[in-house]
Amino acid sequence: MIIARILGTVVASQKDERLSGKKLMIVKPLNLDGTDQSGYVVAVDTVGAGFHEKVLVVAGSSARLAEGNKDVPIDAAIIGVIDSFDFVQN
Amino acid sequence: MIIARILGTVVASQKDERLSGKKLMIVKPLNLDGTDQSGYVVAVDTVGAGFHEKVLVVAGSSARLAEGNKDVPIDAAIIGVIDSFDFVQN
Amino acid sequence: MIIARILGTVVASQKDERLSGKKLMIVKPLNLDGTDQSGYVVAVDTVGAGFHEKVLVVAGSSARLAEGNKDVPIDAAIIGVIDSFDFVQN
Amino acid sequence: MIIARILGTVVASQKDERLSGKKLMIVKPLNLDGTDQSGYVVAVDTVGAGFHEKVLVVAGSSARLAEGNKDVPIDAAIIGVIDSFDFVQN
Amino acid sequence: MIIARILGTVVASQKDERLSGKKLMIVKPLNLDGTDQSGYVVAVDTVGAGFHEKVLVVAGSSARLAEGNKDVPIDAAIIGVIDSFDFVQN
């Protein structure tokens, strides 16, 4: 999984039926020092995360294991809101 | 998922039977500022997207969950036409 | 999927039983202008593609959905011979 | 799999139910000379690994095969504590 | 799949039970000219490959399809010893 922050949203009215009602969020992967990585991912929010919150994002087939996404054609899901993370670099 | 735009099509007459009738689109991943990323992906269109439209592309095994692609040997599918996307960089 | 061209073959006599009889092809991913990308992939040919032909290659678990490869331990398969591809860069 | 070392932990109280009780570890991939690679991964510890230990990390759908993680939405898991690794560069 | 050579081994006594008895090999991906690529992968040997041999490595969920690895939490497996590979660059 990666640590990311929520940057925005995607609106798509013409889409796969199973995406109906899903919140498509643009998330930006973060470095451990809190700075942005390059790139972004569109992930389905499954935990009611808010803008700019740091979130845990799962990628690949496991995104479909996130609550309410069985058989939904997604490859990334927000599965947690991060309270804090601690690490010792050395 | 990624945001991409439709660039072109691939024609292949000698192919896996389950690809029969599938629209093979060349899509270009986009940055959030709307510029092209390098590289491209060949994805099956499952939502009737048009040329140059911005689309949502799912990759990996989840592409097979896109409408009508169960057990089809694909690793990327267009699952939505993007009306708009909004984000706040900072 | 990616567009690639067939560059060569791999011979392995000591191998997983289910690879028996499979054609292991070395393929080179192509840019849209027809030039080579760096790197290569070893993919199982499932459509009878010939040397130097442009082919469509699927990666990941979906390679096992290619004709005749159910439960075969492969992560890349040639699933089409490309007749042509068209795109408009801008 | 990759060789990594445990750098820290992630705390998330609002999360997918199946993540309940899982230890979310920040791990840093290592080069073979023992130096850090760039980047990091958040992986679920399934073997009781300790801080700064070198561990074996599995990614993708196979992370769900790690002990106790069936149907848990994760894409990386610590599946071993590494005692030693040996290699000859040339 | 990729072409790699066997560089070394990983020893881990505290590990997922299903890894018991598996040979964890450090393999180095090779370029087509036989030189090393950067990076490495830890893969389970399933064909009795020897040190410095060139091998075929499968990644992702398909590694679990390699002989004897059903439901084992691995994402890379050695599935063949390469006798030779031939290619024409141009």
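Guide: The following account concerns the interface of chain B and chain C. The model is predicted, so that local features need pLDDT of at least 70 and side-chain atom pairs count only at pLDDT 80 or more, while totals for chains, interfaces and linings use all residues. Residues are numbered from 1 along each chain as its sequence is written, chains are lettered from A and ligands numbered from 1 in the order in which they are written, and side-chain values use heavy atoms, with hydrogens and water left out.

In this interface, 31 residues of chain B are in contact with 31 residues of chain C (contact means heavy atoms within 4.5 Å). The two chains bury about 2,300 Å² between them, with 51% of it on carbon and sulfur atoms; buried area is the accessible area (1.4 Å probe) that two parts lose on being put together, summed over both. Of the area that chain B buries against chain C, B:Gln14, B:Tyr40 and B:Asp75 supply 27%, more than any other three residues.

There is one salt bridge between chain B and chain C (a side-chain nitrogen of Lys or Arg within 4 Å of a carboxyl oxygen of Asp or Glu). B:Arg18 forms a salt bridge with C:Glu67, and their closest N and O atoms are 3.7 Å apart.

Strands are DSSP runs of E, at least two residues long, numbered from the N terminus. Strand 2 of chain B pairs with strand 6 (residues 76-81) of chain C in the antiparallel sense, over two bridges; two strands pair if DSSP finds at least two bridges between them. Here B:Lys15 stands opposite C:Gly80 in strand 6 of chain C.

Technical notes. Helices (H or I, at least four residues) and strands (E, at least two) are DSSP runs, numbered from the N terminus.
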